[in-house]
Structure formats: C-alpha cells, structure tokens
Amino acid sequence: MSGTWYGEEPPTPRAISALDWLRIAWRGGPLVVLLLICFPLLLVCRPLERAIWGLKRPFTPYITQFVCIWACRFLSLQREVVGMPMRGAGAYVSNHVSFLDIFVLNACKRLYFVAKAEVSTWPGVGWLARGTGTVFIRRDRREAAAQTKLFEDRLIAGHHLLFFPEGTSTDGKQVLPFKTTLFAAFFSDRLQGEISVQPVSLRYHAPAGAHPGHYGWWGDMDFGPSLLQILATPGRGRVEVIYHPPLPVNAISNRKALAQAAEAAVRHGLETGTALV
C-alpha cells in the first residue's frame, strides 16, 4: 500500500454531450437499480450467515458475483478469461488498473478484497466494500500481528482473498514492483503448507477511438468524473483476465521470493496476453 502513481498525464476528459448523458442514463440507471436491490438483500442475509456459519459465507458471495457480472455488462465491458481460478485454499494477487477491477475480478470468481483502511471511509465505495466483506489494512506496524491473524482466520474459513501488491492503480500499461509486506502472512505457522497464491493479469482494451488509458485510474483523477467518462464513451471495451498457475506457498522459501514469482507471472500476462506455464 503506497502512494499514488502519477506516470504519464491522464487523458483530458472530453465534453459530455446530450447524447452522452442519455448513454450515461441508459448504462448507469440499471446499475444503480441493481445496487439498490441487491445490496440491501446482502445486508439482510449477512447477519443470518454470521449467526449460523460464523466467518463462512455460503450465500452472500453469490449476490456479489451476480451484481458484478451485470455491472460489467451495463458498463459495456466484455470479459475474456484465460486459464482457470484455483479450486483449493489460497489467495489471488493482481495488477491494479481501476476501480473496475473489483467488478471484473468478482464477476469471474467469488472472492474478498484486501484494501487500505482509507477506502472504508470513501463515500459510497466504502459502504459497498464493508458490506461485501473487504479486509481493511492499516499501514501501522503495531497492528501487523492482528492483521496477520485476520488473514489467517479468513483463509482458514475458506475465503479467497485478493490484494493488489503494487499498492496503487495505474494506466494499465505496466506492472509496478510488488510490495512484499502482505506476502508474509502466508508463511505463518497456521497456514504454511495449506494454501497457494494465484497471480492474475488484467489487460484492458479501450473502446475504438478512446484513449488507451481509458479504463485506468491514476494520478489526480477523481472517481466521479472518471466513471462518467466510462459511462459516456460510445462503443464496447474489453478486459482479458489471465489466471496463471497457482504458486504453492510451501514450495517457496520466503515472502520476497513469493512476491517476485507472482510479479513475474503478472508481468508476463500483461505483456503477452498468455498465462505463464
């Protein structure tokens, strides 16, 4: 979890015409209705799950996945999946391009995200993140032990966690060096030998005529205007979701080696569009 990535200058937002506003309403209206129906349903079901199954969530992840599948459709973003999500216990790591990553990755696989604690306070987004079971992490060494235990508890309960080791989102054209801190949790005595980490590459392709970084979210870009540009732009974009072979933790010596192996796989997928074999 690091500071904001600035990179190249973000694209200049284009003026939104009357036709664009109609497109925004056509795409965004159903998305809002979907959230207004399904999120309260999730909040009603979650206490029942907690009372009967504790940390296990046998129902609500399906609600989240349903919303994310349809959100991608409403946003005119086609998903193309290469490889298969792992079936065993473990976590996923991915390059981070946009807030859209959450919809894309959850549409492909029922999972829970790991995010910096500040996200929990963001208007709207924080509310959704808390409700869907996001794990929030503070950059405070005094809380490292408690956060490791939380990781362990969620993974032992069968949750598939996903985090973005770059620590920030980019324009989607490169992979930043992976931070190794969160990888340490996988080497705890309670987990070692039981789990794998599966790298995932995300490759976004803008609609015809749009800026190559159309789906990226970086620098000083604001959430609201960025979302409006995505909703307003005509045409259909696509995203390749590339699942690489899982990395068994017990076959790797330490967190730095695990982070290096995961980073190499994610970078290979972004550059070639193929899974690392």
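Analyst: Buried means under 20% relative accessible area. Exposed means over 50%, and partly exposed lies in between. The values below come from a predicted model.

User: Why is Arg23 called buried?

Analyst: Arg23 has a relative accessible area of 18%. The cut-off for buried is under 20%, so Arg23 counts as buried.

User: What makes Arg23 and Asp20 a salt bridge?

Analyst: Their closest N and O atoms are 2.8 Å apart. A salt bridge needs a side-chain nitrogen of Lys or Arg within 4 Å of a carboxyl oxygen of Asp or Glu, so this pair qualifies. Both residues lie in helix H1, three residues apart, about one turn of the helix. Asp20 is buried too, at 4% relative accessibility.

User: Which parts of the chain does the salt bridge of Asp153 and Arg190 link?

Analyst: Asp153 and Arg190 meet at 3.0 Å, N to O. This pair links distant parts of the chain: Asp153 sits in helix H5, and Arg190 in the loop between E5 and E6, 37 residues apart. Arg190 has a relative accessible area of 42%, which falls between 20% and 50%, so Arg190 is partly exposed.

User: Why does the pair of Glu240 and Arg238 count as a salt bridge?

Analyst: The closest N and O atoms of Glu240 and Arg238 are 3.8 Å apart. That is within 4 Å, so the pair counts. Glu240 is buried at 9%, whereas Arg238 is partly exposed at 30%.

User: Why is strand E2 said to be largely enclosed?

Analyst: Five of the five residues of E2 (residues 90-94) are buried, so the rest of the structure largely encloses this strand.

User: How do you know that E2 pairs with E6 and with E5?

Analyst: Two strands pair if there are at least two bridges between them. Five bridges join E2 to E6, in parallel. Three bridges join E2 to E5, also parallel. Both counts reach the cut-off, so E2 pairs with E6 and with E5. Tyr92 has Gln198 as its bridge partner in E6, and Val93 has Phe163 in E5.

User: What makes Ile52 exposed, and which patch does Ile52 belong to?

Analyst: Ile52 has a relative accessible area of 51%, over the 50% cut-off, so Ile52 is exposed. Ile52 lies in helix H1. With Leu48, Trp53 and Phe59, Ile52 forms a nonpolar surface patch of about 410 Å² accessible area together.

Notes
Residues numbered from 1 in each chain as written. Predicted model: local features only at pLDDT ≥ 70, side-chain atom pairs only at ≥ 80, totals over all residues. Heavy atoms only, no water. Buried < 20%, exposed > 50% of the residue type's maximum accessible area, 1.4 Å probe, protein only. Helix = DSSP H or I, 4+ residues; strand = E, 2+ residues; numbered from the N terminus. Patch = residues over 30% accessible without salt bridge, like charges linked within 9 Å, V, L, I, M, F, W, Y side chains within 5 Å. Areas by Shrake-Rupley, 256 points an atom, 1.4 Å probe, with all protein chains shown as cover.
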